[in-house]
Amino acid sequence: MANEKALLDVIAKIEGDVNGVVATAVVDLDSGMTLAAKSNRSDFDLAVASAYNSELVKQKMKIMKALNLKDGLEDMLLTLSSQFHLIKFLPGGSSFLYIAAEKAGTNLAILRNAVAKHLAVIA
Amino acid sequence: MAVLDPNGEAVVIRIAYDGAPMAGKTTSVVALGRSLGAGVESPAEVGGRTLYFDWLDYTGGLFEGRRIRCQVISVPGQASLAPRRRRLLEEADAIVFVGDSTPAGFHADRSYLNGLTRVLEGVPGPPVGIVLQANKRDHADAVPLDRIRELLDGLGMRIGIVESVATQGEGVREAFVFAVRLALDRVRELVRTGQIQTCKPSANCAEDLLNELKRVEGGALDAAVTPQGLVHTRLADLQQAPANEMSRVFAQVLGENDVTAITQRNESIAVNEAREPAAPDATVASGFVWPPVDGRIILHELSGAPVRLARNARGDWLGVAGGRWRLISPADAVYDDIEAGRTVLVNSARSHAARQGRVADRCVVLAADGAGRHRLWNISPADSAVTNVAVGSDFVAD
């Protein structure tokens, strides 16, 4: 598991490249606990969002297993009417980055590119 | 031992921080609380005398659809309190062993790890996982990791190592999450073997655990606590300065609503803040307002209302928002480091809550001052405040 400080640095860099970030966390897949978290909105409970998104990822993995898919899960994208929620695995697969951003502030390409670029640093 | 809480739909686990004296157990728990935005309390100091444990309660993550409630405790390291340490360790679902990486501390690690192994051997049920949080890695003479691994190999222990500098908060959260994972592994096994109970945890708060320990010990360890020895806790050391300051702040906002309490303070406080600070509003983040829910509601109501701030002769900022709320911020309640301010807020809020319970009509907030620093504000109903402010001859209107 990466150091909290290093993860917060990555989060800061991503936020520097993406407008409209609501919240970002690095989440331990097994427990749903956050290893690092930064929320820009007081009404967005990042600990809860992280916990339930870890369940979401686990369910997707179960689906893949049930379908006997041998492929790897790289990321998951959820598109809300006003937000993008992106889940991207960190190297090793035991944790993932979860980011929520306003659609009005960014687009999917910028979001994905920024996340991929800065997560590569901790590869 | 872990239980499934029938009401809270949570799994309750306990993580114990063990280690030799001065290894950094309490510092680690305090740093963890800061990182998680949760307060740490120590129920020691009954008459400023005894030491039991530090307590942190945090709910996060999910385990098979249930929230994970973590009761984090640190055990006393003093040899004279070994029976107490043993009792606390026996109830843990995972251990974070805080190892001292300095050469002098490393020597003590061995005997404490030995003792820990013996305690855990007697614990029924699935094995209790251990994380070795190798602390004080910033010391120039820190023992190399290879030597720590050799020590563990020599003791026949196969446990994960996480490097840390607890005083700076580095590595503490990883060690904790690692320990949670180990605890959940144990819970899975308890569920699988039908050993887990669905009931309230034996201790639901620090006070419960304290009472439980006192009952079991029956005063047997009182003799171990000499008047010259454990007169206060490490937690108290860490919190003493800000706590004293904050107790004054809390006394103002939660106590008698008396502005004169401010004016009676040391008049030597420099009035060096040239510009008016920004007033708190609804953008204050979670973890920076207390009480969290009622305080958030007050902030919501306060936002958008015109705020008129002025400063008295001692440099305290006072004001009224929307004619309904009074705001007070003592001159020196300003912090360059937001974490330092939050530590003061959280710790004092918890200790105050423990003493006086819930207060719904007032709150304390740490908010950006608009000049790169953070200021603590007391917000309370304006009706009493207006009277006090008006009476205060040193209230300087703008």
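User: How many residues of chain A are in contact with how many residues of chain B?
Analyst: This is a predicted model, in which local features need pLDDT of at least 70 and side-chain atom pairs count only at pLDDT 80 or more, while totals for chains, interfaces and linings use all residues, and side-chain values use heavy atoms, with hydrogens and water left out. Residues are numbered from 1 along each chain as its sequence is written, with chains lettered from A and ligands numbered from 1 in the order in which they are written. Taking contact as heavy atoms within 4.5 Å, the numbers in contact are 22 residues of chain A and 28 residues of chain B.

User: What area do chain A and chain B bury between them?
Analyst: Buried area is the accessible area (1.4 Å probe) that two parts lose on being put together, summed over both. Of the area buried between chain A and chain B, 52% is on carbon and sulfur atoms, and the total is about 1900 Å².

User: Which residue of chain A forms a salt bridge with Arg173(B)?
Analyst: A salt bridge here is a side-chain nitrogen of Lys or Arg within 4 Å of a carboxyl oxygen of Asp or Glu, and the rule finds 4 across the interface of chain A and chain B. In one salt bridge, the closest N and O atoms are 3.1 Å apart, and the partner of Arg173(B) is Glu4(A).

User: How are helix 1 and helix 3 of chain A oriented to each other?
Analyst: Helices are DSSP runs (H or I, at least four residues) numbered from the N terminus, and axes are lines fitted to C-alpha atoms over the stretch in contact, with angles from 0 to 180 degrees between N-to-C directions. Helix 1 (residues 4-17) and helix 3 (residues 108-119) of chain A have axes 9 Å apart and pack at about 150 degrees. Angles under 35 degrees count as roughly parallel, over 145 as roughly antiparallel, 65 to 115 as roughly perpendicular and the rest as oblique. Helix 1 and helix 3 of chain A are therefore roughly antiparallel.

User: At what angle do helix 1 and helix 5 of chain B cross?
Analyst: Helix 1 of chain B spans residues 25-36 and helix 5 of chain B spans residues 172-192. Their axes come within 9 Å, and the crossing angle is roughly 90 degrees.

Notes: Helix = DSSP H or I, 4+ residues; strand = E, 2+ residues; numbered from the N terminus.
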